[in-house]
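Please look over the sequence and the structure shown here, and then read the notes below, which are grouped by topic.

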Amino acid sequence: MPALEVNRLATGGLIDRQQRVNFTFNGRSLQGYHGDTLASALLANGIKVVGRSFKYGRPRGVVGHGSEEPNAIVQVGSGAETIPNLRATQVEIYEGLEAASVGGWPSVDFDLMSIVGWFGRLMPPGFYYKTFMWPARFWMTYEHIIRKAAGLGRAPQERDPDLYDRLNHHCDVLVVGAGPAGLSAALEASRTGARVILADEQQQLGGSLLSTHSSIGAQSGGQWLQETCEQLASCDNVTLLPRSTVFGYYDHNFLGIVERRTDHQVPSQRSGARQRLHRVRARQVILATGAIERPLVFAHNDVPGVMLASSVSTYINRYGVAPGTELVLFTANDSAYQCALDWHGAGRSVVAVVDSRAAPDGPLVKACRRAGITVIAAHGVIDVKGGNAVRAALVAPLNEEGSAVIGSARQLDCDLIACSGGWSPVVHLSSQTGAKPLWDKEVIGFLPGDSWQAECSVGAAVGSYTLLACLAEGASAGAAAAARAGHGNGESMFVAPNTQEQPEHPAQALFLVPHTRGTSRAPKQFVDFQLDVTAAAIELAAREGYQSVEHVKRYTAMGFGTDQGKLGNINGVAILAQTLGQDIADTGTTMFRPCYTPTTFGALAGRDVVDLFDPERYTAMHRWHLEHNAQWENVGQWKRPRYFPNAGESMQEAVDRECLAVRNSVGLLDASTLGKIDIQGSDAAEFLTRIYTNSYLKLAPGRCRYGLMLKEDGMIFDDGVTACIDENRYLMHTTTGGAAGVLAWLELWHQTEWPELDVYFTSVTDHWSTATISGPNARNVLAKVCDDIDLAADQFKFLDWREATVAGVKARIFRISFTGELTYEVNVPSHYGRHLWEALIAAGEEFTITPYGTETMHVLRAEKGFIIVGQDTDGSMTPQDMDMDWIVGHKKSFSFVGKRSLSRSDSVREGRKQLVGLKTRDPQRVLPEGSQLVNDPNQPLPMSMQGHVTSSYFSACLGHSIALAVVKGGLSRKGEVIYSPQADGSVIEAEIVDSVFYDAEGERQHV
Amino acid sequence: MLQVHCPYCGELREEEEFSYGGQAHIARPEEPDSVSDKDWGSYLFFRKNPRGLHHEMWNHTAGCRRYFNVTRHTVTYEILETYPIGEQPSCKDGIHGETS
Amino acid sequence: MSETPRLETALHYLRGSQRGASDESPGLTVVESALCRHLSIRGRAESPGFADAIRSVTGMTLPTSPLSCESSANAHIFWQGPSEWMLVVEQQGSETMESDLCKALAGEQAAVVDVSGGQTLLTLSGPALAEVLQKSSPYDFHSSNFLPGKCVQTTFGKAGALVAQLEDHSVALLVRRSFSDYIGRWLLDAAAEYGVQISR
């Protein structure tokens, strides 16, 4: 049987009493109503302890009613869909909800940590620094225990099965917060036709109107709210986002909002995205984020049953829950008296209102007195009796400043203490813009500072706490913001209702309630509930020399919890200021950063997950490769076949077979991913000659030339073959990974340095699909599908290109070679890519044509000593380092890009790393790529590094391993032995040799 | 996430469409081969890092592929102007009392 | 060698795919055009001879205002940059267009490049179109900003695309061939909640 709802009032609230909802909390079956939050339902059921504190393991109860809640932090759901660190005050209950405290290990009711009380005494402020950083090797152990004990929630271990997505928005006016000020702003802005978005973290729009009894002119607050919401909902130009937390305010009025779309629904009835990230670019932003009531700091103020006054009112008015029977209200201002009136109105007993002020007499104070409620002025609650629940308040007379106890304390028995130290405007989002919050003595709070972004704050967020002021400020801000965004004339249509608001009695700035003992010896007076930071801890930090509020924050951990110190920070700052003898304005507040409340990774990742995580680029032959068991290599975003294993073949076996096929007969490679850039214009050759190290001025149509491209610092950046297609027209090939960068590089030089040159660049990478036929039988294969040109070696020579018909398709054929064998690179428009590939496979059947992948290509080119830019070079290699001075046109009239740097002192110094070949002493041993090379493997550590291995393979063709490496002064060290110590303690010995291992004369590609 | 006005597309666009191109108005020496190592090193490697206005190049990578210049405040990230390559900035004095 | 070459559009294998509600009127319909002729045209908009040459061959006005496109019964010209346009025209009847353009542009500082194999043209329509675009790109596709005749190149998912609002309020999406699989699957995923199909 579920427990009885001992605290549920017979009537009242916005809950649906027709709809019972069953849920469990820490395994216990409970009931609430549709419309309850988990917190209101727990309070209705008389559950006081909802968690254990971080450091001292003290029992904790619900304090607030919204995103400020520091104690009732729960894990909701189970398995893959579970979400940790939710505030019970914001979790709507649904049938079957499972929730558990995140605090309290091993359990909330039996807490190991509170029994081993010594643990807390080991954790003074700065405990991370003082205790756990030494000895360093213990840190991992400590951290594990602390995290488990502190209960920071549990991330699901399985993949989250839910959908998350995002929506991009542009709007004229984004209004954050749908309380009276926000609603009023949205309403006025919407009237101008501006595109308006109104977001609020609660499930219903209305803010404070949902939890207070108010009137606006002749209407009740509730009626006004309903009419306003209906009107906004009927506007096409308005987007209403309830259950949507604006969690971050970024540059240029870019804001992130997470909408919780199905979290409140019974899981079996959910559909669509669970949460949606709204990325909003707003011309104008209105922050109507309200204010959070500030707790008072007194001894044992963390005992379950100490709550915020406004929260008590909210539970009564919105949820029909009175979380106790006997109330003591402790306040330093007028507004909290409403709590006593609400409590009294709910038929419960108000033991007393304790007011720190000498002679309170505002309208609400008078109303309380009229209702017969005892008001004890010039007193404070200085201590609390009770362990798991409040049993009594100790009340003592205070001096006028509220800084000292001036008489003996008496005990008031009660089970609920509501408190209010005033209100703190929610300046978090404003602060995220870079605006520094400013202390305001009148408001007794930090107000939003000036920001250069197009935003303003209104209502309680700027300390305007009356309903009329909120409505009026919202309306004029709404109209003004719309006008700044180009809609309307900026004049508000708002007419103030004829309502009289009596002035309140001034509040007292009371942050730390004195105790009969000094702060350091008094019982714990909590400032930050979630991280157990006390007033004494802040004083201690100041005594130990910390003065900056940012340092104190880090030293004490104040504000570091998942609640970001929404309740505690201002009290903490004030106590620090007092200790340092400063004004609060001079102490300042800490910086607030996104996210306002914890945000799921799911929402941030959206649909960019699994196979949409990053685009995969496919060639036109991709589906053939898929059907033929290709194993993949990622090259940039491209998927390239790495090798094509036959059944039962290992990678090495497959690569050996593919290599031998190319050397002995013929192989076929999909080279479509190579970057290809069409270059046209009367200055194209001049441009190429400025960009490449060699010259293109005399390259004739039908001919190709290999080129090296340098950055201006002289370092190799890209390489590839450029063909002269026609007079003033060239086709440049780039590396697969470099294609986009090279195009941008060409545009950079053309657009910024040489705009006078007549030249245009167009990417044709995707247009052409390339099948590379390589091997002694390449000509025989091509001849079977191409008969309209002469393929004879003396007619179609190495480094020629021809236009021809291949397999019925008009193609470009380039005689260039990256394997050192006779090679034809056949290019057709990509819609014929697969057709070409299949035609070549069929034509090569009698020669057992072998499709090969990038791994085989790498081995074959390494046998020839051909470099791969980005593998054998790393951005610090000159052409000379690569032994490629033969390609540098030192005599070109224009000082090509990078040329000057080749003669810098650093480029010509001795001892630069140079490309060489390595032959291991053990021919079967393959050096791991990246291995470091040393002259003497027995020298003491740290060894003197001579270079490293850049490419390394087993060559089936040569029968031994081969490697390319860069070695200091390597070109003059051929024949010497060098060593590579390995992680397993072994040492690989190798001889420095020439980087060309196969066909050193280069005859095979010319046949 | 900045919002950048592309002078060629004539619109404000999201930062993700652009790529950053470093400090603007760095001219390549006319005769590189007659420049000293020191001066060439300055041209290659030395860049301003002001607290305040910075003139920098951006490329509208995902849009019109044009390079252009931006005057941006490095503290607030406010963008004061964008202008084509070859033109001079009109905002040269600092805002908020700072200078470039 | 007498066989007819087999032609494959970029997304031929995704045609007929559908996700979500499978009723007659899905929230999003994607149509991949038959193979078109795609010609990248470069040149100087300020040269009167340049636009004249384009008009004489295509019969269409070169859209010189930024972010605009011109459409005829069988062709579009999209503005891609101050010196860059993309002509997409049906294959049939345009066999000589590339060479005709080259001839007409002789003497102009200009370039024409055939990129037909490198991209594919998708047409998107349906009641969920606006929201799918909102999911896919940070560009402001609101009807007050994205009017018929406007074309923009922007990010689409994590790839890029040219997006154009056509007169009939359908949207043309011009994507690179190598990214088309990603974009096709992105659209199926993004629009699944509204029902989506890629036409046969």
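A residue is called buried if 20 or more other C-beta atoms lie within 10 Å of its own, exposed if 12 or fewer do, and partly exposed in between, with C-beta atoms placed from the backbone. Helices (H or I, at least four residues) and strands (E, at least two) are DSSP runs, numbered from the N terminus. This is a predicted model, in which local features need pLDDT of at least 70 and side-chain atom pairs count only at pLDDT 80 or more, whereas totals for chains, interfaces and linings use all residues. Residues are numbered from 1 along each chain as its sequence is written, and chains are lettered from A and ligands numbered from 1 in the order in which they are written.

**Helix H8 of chain A**

- Helix H8 (residues 309-319) of chain A is largely enclosed by the rest of the structure, because 11 of its 11 residues are buried.
- Among these buried residues are Ala309(A), Val312(A), Tyr315(A), Ile316(A), Arg318(A) and Tyr319(A).
- The cover over the buried residues of H8(A) includes helices H1 (38-44) and H9 (337-345) of chain A, together with strands S16 (291-293), S17 (306-308), S18 (326-331) and S24 (416-420) of chain A.

- Strand S13 (residues 244-250) of chain A is mostly covered, with 5 of its 7 residues buried.
- S13(A) and strand S14 (residues 254-260) of chain A run antiparallel and are joined by 6 bridges, where two strands pair if DSSP finds at least two bridges between them.
- Tyr250(A) stands opposite Phe254(A) of S14(A), and the hairpin that the two strands form has 3 residues between them, with His252(A) in the turn taking a positive phi of about 55°.

**Packing of H22 against H23 in chain A**

- Helix H22 (residues 778-785) of chain A packs with H23(A) at an angle of about 115°, their axes being 9 Å apart; axes are lines fitted to C-alpha atoms, for helices over the stretch in contact, and angles run from 0 to 180 degrees between N-to-C directions.
- Val781(A), Lys784(A) and Val785(A) of H22(A) make this contact with Ala839(A), Leu840(A) and Ala843(A) of H23(A), two residues being in contact if their C-beta atoms, placed from the backbone, lie within 7 Å.
- By class, the contact of H22(A) with H23(A) has 5 nonpolar, no polar and 1 charged residues, where Ala, Val, Leu, Ile, Met, Phe, Trp, Tyr, Cys and Pro count as nonpolar, Asp, Glu, Lys and Arg as charged, and the others, Gly among them, as polar.

**Contacts between chains**

- In chain A, 42 residues are in contact with 40 residues of chain C.
- On the side of chain A that touches chain C, the elements giving two or more residues are strands S8 (164-176), S34 (675-680), S38 (760-763) and S39 (768-774) and helix H23 (833-843) of chain A.
- The largest share of that side, 5 residues, comes from S8(A), and the residues of the side divide into 13 nonpolar, 13 polar and 16 charged.
- The contact between chain B and chain A takes 18 residues from chain B and 21 residues from chain A.
- Helix H1 (residues 37-45) of chain B gives the largest share, 3 residues, of the side of chain B that touches chain A, and the residues of this side divide into 9 nonpolar, 3 polar and 6 charged.

**Chain C**

- Chain C holds 4 helices and 12 strands, and buried residues make up 53% of its 200 residues.
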